[in-house]
Amino acid sequence: MNKRQVDVVIIGGGPAGLAAAIEVKKQGIDNVLIIERDSSLGGILQQCIHDGFGLHRFGKRLSGCEYADNFIVEVKERKIEIADKTIVIEITKDKVIYAMNEIDGITEIKCGAIILAMGCRERTRSQAFIWGTRPSGVLTAGTVQRYINIEGYLPGEKAVILGSGDIGLIMARRMTLEGIEVKGVYELMESPGGLTRNIAQCLVDYNIPLHLSTTVIRTHGNKKLEGVTVAKVDKDRQVIKGSEEYIECDLLVLAVGLIPENELSNQLNINIDTRTKGPVVDEYFMTSMEGVFAAGNVVTVFDLVDYVSLTGELAGRGAAKYVKGQLKMDKPITRLEPGENVSFVVPQYVRKHNLEEKLPLYFRVKQKLEKVEVTAVGNDETYYKKKHRVVLPPEMLVEEIISSNIKEGDKKITVNVMEVSKE
Amino acid sequence: MKKFTCIVCPVSCILSVDEKDNEVQVNGNQCKRGRVFGVNEYNDPKRMITTTVKIENAKIKRLPVISTDEIPKSRLIELAKELYKITVDTPVLRGDIIVKNIGETGVDIIATRTII
């Protein structure tokens, strides 16, 4: 078996991993390795051919491929080593990675620090609980996107989309442009899962109907999908009898959510936050396992790639400091907790003495509210206040606290989103 | 008065657009880009076009492309169909012009990925 030693290994060459690798190198660590299982870098961005990426970072609406390319070019300029077509099969607690490819076989890599950047995975049919036969033609939205945009297949002629998350909406437009008849987007919940602008530019622009509080309850067809039965649901998401409708289609596209990909993290028994379904992380996105960091959608599913890149850079700086012995791992810690109308906060805890100038908080609200104030409250002091016109669960909030304001010894900071009139 | 959802950025502002004394007025936007979008949406809605064209001698089958500027929304499907007739060969560099002045719109179609 090949054996080697690397200062910082990044698992995953998508937007989080690329940003992390560049940052580690910028911090003066030269012995950096990106391990990527695909044959090219960029991750899921390579199949996101639509524009709208990078408005925060580059001030332009780039396509996913262009956004990825900006980072890939820099990774190559900085001569960062890439192991492509290589898959990590195991990570041990002493930070040893076993990676495998068809040329070298298995390689054992002793790492100074590891950055987990594996991204996320789509929920599948079995997680959406759809009754009926098991014909071909039932695919996740990401698979359809890859077939159409990279591999050059059209997987059907008449499509029904289940789920109104952003990927479902983007694929509604994409399939229409490819000549596939999109019969409608069906959403179990009372409100759409995706960004409002995607409802406008992907559905309204192409006259594709959106059916809320409606879901697919059954698939039909033996070898090939022939149709689906949809039905309306009540407030408890129970099917309303008599509302069933048969729709002929040969493609059912599932856009029913994303889950952080943590198969490798679970091998390490690191703490997972049940709300984000990703690792519990600190101020530098270090997990509960010392020297193992996480970045991007592994931690929580972000809506914007710009934030994924930012967390990659943060983890990159953290990993570089860690291998240089500059991170003070001692306590005390300050926990960040979701308060009123907040479903989670990332990071989950911080150490004041390690904080950079600003502490970015990533969180989502539980329900839509108008005219609200976001507050971050410590023991007896409010560290942050900001008003918003409207907040929605699909749109992640990012607020930056000035770190010097945080009092040493504060055990907890609670993040709240409250209607202004209620105060 | 017409209402539009601004698609320039994820904030997704709801714009109210009205015409007074031959001048288009936009309300509800939070930035300059939103005002421009509102005026365009009122007069002549425009969109970027992103799709793929066939590529040969590459490890992948499709080359992603984008328009260099927005094109009239009403012509999206027609121009996408034009693009599906095209086949390009490797190597292609990001930014290479794939179609110049597509459909006399004054807008070029360029590659968004380097495929060597």
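This is a predicted model: local features need pLDDT of at least 70, side-chain atom pairs count only at pLDDT 80 or more; totals for chains, interfaces and linings use all residues.

Q: In which sense do S24 and S27(A) pair, and over how many bridges?
A: Antiparallel, over six bridges.

Q: What stands opposite Lys358(A) in S27(A)?
A: Ile402(A) does.

Q: What's the strand order in the open sheet of chain A?
A: S22-S24-S27. Three strands form that sheet, and the pairing is antiparallel.

Q: Which are the edge strands?
A: Strand S22 (342-346) and strand S27 (397-402) of chain A. Each of these pairs on one side only.

Q: And how are neighbouring strands of this sheet turned against each other on average?
A: By 30°, direction ignored.

Q: Switching to helices. How do H6 and H7 of chain A pack?
A: H6 covers residues 166-177 and H7 covers residues 196-203. They pack at an angle of about 15°, and their axes are 8 Å apart.

Q: Roughly parallel or roughly antiparallel?
A: Roughly parallel, because the angle is under 35 degrees.

Q: Is the crossing of H6(A) and H7(A) left-handed or right-handed?
A: Left-handed.

Q: Which residues make the contact?
A: From H6(A), Asp166(A), Leu169(A), Ile170(A), Ala172(A) and Arg173(A). H7(A) brings Asn198(A), Ile199(A), Cys202(A) and Leu203(A).

Q: How do the residues of that contact divide into nonpolar, polar and charged?
A: Six are nonpolar, one is polar and two are charged.

Conventions. Residues are numbered from 1 along each chain as its sequence is written. Chains are lettered from A and ligands numbered from 1 in the order in which they are written. Two strands pair if DSSP finds at least two bridges between them. Helices (H or I, at least four residues) and strands (E, at least two) are DSSP runs, numbered from the N terminus. Axes are lines fitted to C-alpha atoms, for helices over the stretch in contact, and angles run from 0 to 180 degrees between N-to-C directions. Angles under 35 degrees count as roughly parallel, over 145 as roughly antiparallel, 65 to 115 as roughly perpendicular and the rest as oblique. A crossing is left-handed if the near helix is turned anticlockwise from the far one by less than a right angle, and right-handed if clockwise. Two residues are in contact if their C-beta atoms, placed from the backbone, lie within 7 Å. Ala, Val, Leu, Ile, Met, Phe, Trp, Tyr, Cys and Pro count as nonpolar, Asp, Glu, Lys and Arg as charged, and the others, Gly among them, as polar.
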